[in-house]
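Start with the structure, then work through the topics below.

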Amino acid sequence: MGAMTLSSLEAQPPVLIVLQAVLVVVAGLVFSRLYLHPLASFPGPKLAAATGWYATYYDIFMGGIMLEHLEALHKQYGPVIRIAPNTLHFSDVKAYDSIYTDRRFPKDPAFYAAFLADEASFGCTDIKKAKTRRDLLGPFFSRKSVLKLESVIQEAVGRFIVSLSQRIDAPQPVNIHRAFLSITLEVITTYCFAQRYNAIEYPDYGYPFVKAVQGASYGGCLLQHFPFLTPLVMGLPTWLLKMIHEESAALPEFRDRLDAEVDKTIKDPTALEQTEHETIYHHMLNPRAGYEQPSAKSMKEEAAILIGAGTETTGNACAVIAYHILTNEDVHRRLKKDLVEAWPDPDAPMPLEKLEKLPYLAACIYEGLRFAHGVVTPLPRIVTQPTEIAGVLIPKNTLVTMSSTFLHRNTDIFPDPYTFNPDRFLGKNPSELTNYIVPFSKGPRMCLGINLAWAELYLIIGNLFRKVDLELVDTTAKDMEWGAFLLPYYKGFVKANIQKVEGIQQFMEG
Ligand code: HEM
């Protein structure tokens, strides 16, 4: 019998033998994932339990619709579902805190490797190293520091409003989504590096990095699913990238510029004495006692991450907030009225702390963040020891995830969730609701730039709706549909006609 099998194998072409061996291995793997894996008893589609290609199909081939699909799956299978061989997704609001505030759960290295920043805050998956980096940079992004550097943000916002005034009655509608990305880029570069990039003044708000930045998250997601492409993509010379996709070439060019700045600063740290204000380099090159100076690679990654993390997130949030205010006449009128009452002379300076006290402005921003979501792709954490999450015991080494959208659209917390209704935040105890607004995530790895982001949102939205009369044009609900590629990737842009701008005298004089 054995001899017969051997001789029949010998008769087969080698390719067929290899194919058969692969089939046996794959079948064994699928069998073990379906029936022997620690997550075997968790509900969910069998195909998702068998292979990660299930998520790849919805994420990449279907244009980022995995989140919509997850909603349907939760309806079918319940609050905890297996969405990949080793990954669970939750929909129960209680699970969010358990996943993201547990200090024992590190970020998943496989997910974060695609962002090519394992030595920077966002990409670092080692719990201790990540904490060290946050300790180092945290003071620079604290509330105190943001208030100290408020003039830097105010100056950029002033330039933003002036730039809009130059577009009154422009022949073409203004792409205000890109205008927001331009100001958020400018805030990050001036705040972090004390450097103006003049993105706000660029024709048509088309600064190359601004045009390229939305593609970056898509690229990151692509590399998450096809990591073997990473060296290939990273090895592409810029001229070739330009030929394949011209806009994307701005990304490596921008990164080269940052790298050169870091090298220059390391070579001549005395240059830091000349900067207009403190920068991240002051904190990294002169660390506090007990902290080491990061390597050049780490500083380069950090610079790129801060710009990447701070530009599109905040720009998208502004665009979504503005879109909903402009499409809801009542909200628009009430907001304008409140702003005019609190700020009768638009030429007078308006400090951040005063804007923050306007309840309706705050409510519009919270409601806008509920629609903008921040990072939408579920962010995986590793369960390092068996832990109960939302009443279910989760085995060690499982990846656990939950998208912020499952809080923001929860009908028990936010009835009629698809209606933009700032009034829901004006009840007796707003924090009962704001606790469920999690665009910045929660816990030890929540957004490092949260104070800066909030300051930008108040100053940009407050100034825009106090000083600028604008009308939405060529923008429909379809343009605001998005696919999930870490951040929402919108199908279109928010566009508007600028009709009147006031309160720019102070900036023109400056
Ligand atoms: C509306 C604006 C913003 C939103 C919605 C947002 C959202 C987030 C979220 C959800 C995370 C967690 C990511 C994860 O768990 O992997 C995060 C992390 C981070 N954000 Fe933001 N962000 C915003 C603005 C900013 C700004 C302005 C900066 C610039 C300083 C910034 C810098 C960072 C950094 C460095 C991290 C990594 C923190 C860590 O992993 O320890 N973000 N952000």
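P173 sits in the loop that runs between α10 (150-165) and β3 (174-175). Helices (H or I, at least four residues) and strands (E, at least two) are DSSP runs, numbered from the N terminus. This is a predicted model: local features need pLDDT of at least 70, side-chain atom pairs count only at pLDDT 80 or more, and totals for chains, interfaces and linings use all residues. Residues are numbered from 1 along each chain as its sequence is written, and side-chain values use heavy atoms, with hydrogens and water left out.

**P173 and its surroundings**

- P173 counts as partly exposed because its relative accessibility is 25%. The classes are buried (under 20% relative accessible area), exposed (over 50%) and partly exposed in between, with a 1.4 Å probe and protein chains only.
- P173 is in contact with V473, D474, K495, A496 and N497, leaving aside its neighbours within four places in sequence. Contact means heavy atoms within 4.5 Å.
- P173 and N497 are 324 residues apart in sequence. In space, their C-alpha atoms are 5.1 Å apart.

**Ligand shell**

- Which residues come nearest to the ligand? They are K107, Y112, R134, R381 and C447, out of 26 residues around the ligand. A residue is near a molecule if one of its heavy atoms lies within 4 Å of it.
- R134 places a polar side-chain atom 2.7 Å from an oxygen atom of the ligand. For R381, a polar side-chain atom lies 2.8 Å from a ligand oxygen atom. In the side chain of R445, an N or O atom is 3.0 Å from an oxygen atom of the ligand.
- The elements that give two or more residues to the shell are α17 (296-327) and α23 (450-467). The largest share, five residues, comes from α17.
- A polar contact is a pair of N or O atoms within 3.5 Å; within protein, one must be able to donate a hydrogen and the other to accept it, and residues adjacent in sequence count only if both atoms are side-chain atoms.
- By class, the shell has 14 nonpolar, seven polar and five charged residues. Nonpolar covers Ala, Val, Leu, Ile, Met, Phe, Trp, Tyr, Cys and Pro; charged covers Asp, Glu, Lys and Arg; the others, Gly among them, are polar.

**Whole chain**

- The chain has 24 helices and 11 strands.
- Along the principal axes, the C-alpha atoms fill a box of roughly 95 × 55 × 50 Å.
- Of the 510 residues, 52% count as buried.
- Among contacts in the chain with a separation of 6 or more, 75% join residues 24 or more positions apart.
- The accessible surface of the chain is about 23700 Å². Carbon and sulfur atoms hold 59% of that surface.

- T190 lies in helix α11. T190 counts as buried because its relative accessibility is 8%.
- A polar atom of the T190 side chain lies 3.2 Å from the backbone oxygen of V187. Beyond four places in sequence, T190 is in contact with V152, Q195, R196 and H277.
- T275 is in the loop between α15 (250-267) and α16 (280-285). At 25% relative accessibility, T275 counts as partly exposed.
- The T275 side chain reaches the backbone oxygen of L272 at 3.0 Å. A polar atom of that side chain also lies 3.0 Å from the backbone oxygen of H277.

**Positive phi**

- Most residues other than glycine have a negative phi.
- D204 has a phi near 55°, a positive value in a residue other than glycine. D204 is in the loop between α11 (176-193) and α12 (208-225). D204 counts as exposed, at 64% relative accessibility.
- A390 has a positive phi near 50°. A390 is in the loop between β5 (387-389) and β6 (392-394). A390 counts as partly exposed, at 26% relative accessibility.

Note on methods. Accessible areas come from the Shrake-Rupley method with a 1.4 Å probe; for residues, only the protein chains shown count as cover.
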